[in-house]
Amino acid sequence: MVFSGLPFLFFYLVVTLLIYKLTPLKLRNLVLLIASLFFYGWGEPVYIVIMFLSIAVDYTHGMLVERWRADDRKARMAVASSVFFNLLILVTFKYYDFLAGSLNALTGWSIPLLGVSMPIGISFYTFQTMSYTIDVYRQDAPVQRNIVTFGTFVTIFPQLIAGPIIQYKSVADQLQCRREDLEKFVSGVRRFCVGLAKKVLLANAIGKLWDVFLAADTAELTVLGGWLGLIAYAFQIYFDFSGYSDMAIGLGRMFGFEFIENFNYPYISRSVVEFWKRWHISLTNWFREYVYFPLGGNRVSRPKWIRNILIVWLLTGIWHGAGWNFLLWGLYYALWMLAERLFLGKRLEKLPAALRHIYTLAVVLVGWGLFAIEDMGQLGGYLAVCFGGGSLADAFTLYQLWSYLPLLVILAFAATPAAGKLFRKLPERVQGAITPLLVLASLVLCTASLVDASYNPFLYFRF
Amino acid sequence: MNKTMQRVTAAIFCLFIGGLGLLHLLLPDRTFSPVENRNLAQFPAFSWSALRDGSYTAAIETYLEDQFPFRDKWIGLKTRYEYLLGRREFNDVYLCGDTLISKVYDDSRADKNLQYIQQLVEKTDLPVYLGLIPTAAEIWRDKLPEGAPSYDQAAYIEAAKDTGAIYVDMLGALSAHSGESIFYRTDHHWTSLGAYYGYTSLMEALGAEAEPLGEGETVSRDFYGTLYSTSGVHWLQPDTIERYISGEGVTVEDVYNEETHGLYVDSFLSEKDKYSSFMGGNNPLYIIRNPDAATDKTLLVVRDSYSDSLAPFLTQYYSEIHLLDLRYYRTSVADYAAGNNIDEIFVCYSVENLIRDADAVFLGQ
């Protein structure tokens, strides 16, 4: 089930909210656990086993860390074992076929592939459960003895399949006791509707433009078309992903939780370093806390620091998908990070703000090219056109530009904090009065789009 | 935000999702959607194997989507929203002012299908006439959005002259009248008026005199065609359907269904698919007989549905017309003509259909 779908919106959410709010406080975690398991099992009936396994194994490891607290060597073993288990699941389902396939291609061996589909959200929840044992070991959070409460942490549906990646310590208290009132519920509703509109009305609409240029033969692509495609993809992935995070944060609030923010207007950044402080914040935080700092961060010799940056960014790249292009994408950012920190950053600061924006956006757009085009040959051809290897524009590109121009303007506006600023400048009373209207408008238009997505006229009468 | 507005916001949200969900459960399910022209999904039957492989829950999702309350209204609303954002292309249909025009794509079959026509010319001793009907995307090219991609139908028709068939200049006839209502605004077919100009071009190729158009009769004022359905653009005025030929004394034998009726089947006028009131829809073979025709010649038309509205005009000239649809009547055209006392063969397709037709191979056999 996805949030931006009719079954979720009009059935799952209605029933879950109803039962949840009617249940006494003590039993609400149990309701949430059952509802979340149902949510996961709906899309992945078989892989629900992994959920149960994750709960059981990580719960046990947390208890072991606590028991062996006095004996650090044993406690570390428990942490290692937990990390190993989570990575084992992740590698088996996400990377095994890629690794085996690459190895086969390199060596001519024929290691059999598994050919299994990847369980939804596995990259997110394995990272969350890993944070649990580590946080308990570091005494950043107390051990969780109640298996229902712990199960709720592992499975809780708002951020189960697309983040934000919650670190255990940030929700440990909320799992025991959380404030639930009208104000929080309404702020959740608002946030959810914003996210839904971002995903359904903006991301899905501009996605079609990217599809046009991705499908185009690179021999027929124009320079303008190439960049237009990358811009479309940049908007699509931002509004899609941040829309999901908004929906997760909004849903969390409806159930009394407060999750961390995941995006902070990344496209207004003036450097690549700044971009990554604003993009997918929960993932960057995770890698910083659990990989970069333990490796010594930047408080080490320069070669070691460079090594640390490379490790973190290659991992970040491969986390996004099992493919060479993702590794390349990670390496690409590692190099820009190093360049900015070593020499580029100081020079950038002397440039006018507009140029710094353009520089950052250009780096990010090319990055999205690496990210989105998985076929290396096509990737090379596409980027070559972008940098002058084709005609400037043609009638087809201009037609696409004109038909998407109003949407592109809206997207550019929505990617900046301007809309929010404008809204907050309105008098309090006006804000209050238009909020329900905006919520209703978002719901109506999103419902229309979701119904339309299933519109499927049968065209035998085309002849 | 004060408490009242918070309550209002929460209430709107809960009532919207809860209300529509409840309505979904209460309203009866539909089996068929006339707008989409397909059967809608019903609640799936349970089985453990379907649950395990995920197809059961997927089927429930499809069911919930297909049976969503006010489905057609939501779709119209979405199209309007996209229209406001400047979109003029919906599901491969261009919206050009008050007119919908189907987008025509290049297809790998285009050249091969011309070769089949050439083979037919070589194979049969009968005269073969070839009439390729340019669609609205060609005749009304100037109405398309600026720079919108559109297949070059004129070039294809030019290439068709090399098949050796006798050329029927539909492109010229329709272009000369491009300012008139020769195509429906909500359907991809030509109107009866357009079909009349097509008829005059055939008469010209035959060296015969075309009858004057005469007085038309409007039989429907609320025709929403195929492009209305595919595009989701639901705010246009409906089309009207005209007839210029009364069809008196003309019989149409529906060979496949073993029944005989007149030139028109009026029952279709009260359904969504009103274009089928010409002849009675897509069928493998119709034989039209008119004892009062100008000649006693027999014509074989190898055709698509554009000929449904063309045939009434042809009955004035031919005493017998065989309308053969190769998608359903899969047979060698040359053999059929030889076995049925045919005098002339008329291959008549819209360019949009011929360039992607998968059954044109029977033309060459």
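## Helix H4 of chain B

Gly86(B), which comes just after H4(B), adopts a positive phi of about 100°. The model discussed here is predicted.

Helix H4 of chain B covers residues 71-84. Several residues of H4(B) are buried, namely Arg71(B), Trp74(B), Ile75(B), Leu77(B), Lys78(B), Thr79(B) and Glu82(B). The packing partners of these buried residues lie in both chains: helix H18 (428-453) of chain A on the one hand, and strand S3 (89-90) and helix H10 (226-231) of chain B on the other.

## The sheet of chain B

Strand S3 of chain B, against which buried residues of H4(B) pack, also belongs to an open sheet of three strands. The strand order is S3-S4-S5 (chain B), and the pairing is antiparallel. S3 and strand S5 (99-102) of chain B form the edges, each pairing on one side only.

Strand S4 of chain B comprises residues 93-96 and is joined to S3(B) by two bridges, the two strands running antiparallel. Across this pair, Glu89(B) stands opposite Tyr94(B) of S4(B).

## Contact between chains A and B

The contact between the chains involves 48 residues of chain A and 54 residues of chain B. On the chain A side, two or more residues each are given by H1, helix H2 (28-43), helix H8 (182-215), helix H16 (395-414) and H18. Which of the elements gives the most to this side? It is H18(A), with 14 residues; buried residues of H4(B) pack against this helix.

By class, the residues of chain A that touch chain B comprise 36 nonpolar, nine polar and three charged.

## Domains of chain A

The domain assignment divides chain A into domain 1 (6-177) and domain 2 (184-419). The C-alpha centres of the two domains lie 27 Å apart. Their contact draws 21 residues from domain 1 of chain A and 19 residues from domain 2 of chain A.

On the side of domain 1 that touches domain 2, at least two residues each come from helix H1 (6-22), helix H4 (72-107), helix H5 (122-137) and helix H7 (168-176) of chain A. H5(A) supplies the largest share of that side, four residues. In composition, this side of domain 1 has 13 nonpolar, seven polar and one charged residues. Helix H1 of chain A contributes to the domain contact and also to the side of chain A that touches chain B.

How values were computed. Residues are numbered from 1 along each chain as its sequence is written. Chains are lettered from A and ligands numbered from 1 in the order in which they are written. This is a predicted model: local features need pLDDT of at least 70, side-chain atom pairs count only at pLDDT 80 or more; totals for chains, interfaces and linings use all residues. Domain bounds come from an automatic or database domain assignment. Two residues are in contact if their C-beta atoms, placed from the backbone, lie within 7 Å. Ala, Val, Leu, Ile, Met, Phe, Trp, Tyr, Cys and Pro count as nonpolar, Asp, Glu, Lys and Arg as charged, and the others, Gly among them, as polar. The expected span of a helix is 1.5 Å times one less than its number of residues. A residue is buried if 20 or more other C-beta atoms lie within 10 Å of its own, exposed if 12 or fewer, and partly exposed in between; C-beta atoms are placed from the backbone. Two strands pair if DSSP finds at least two bridges between them.
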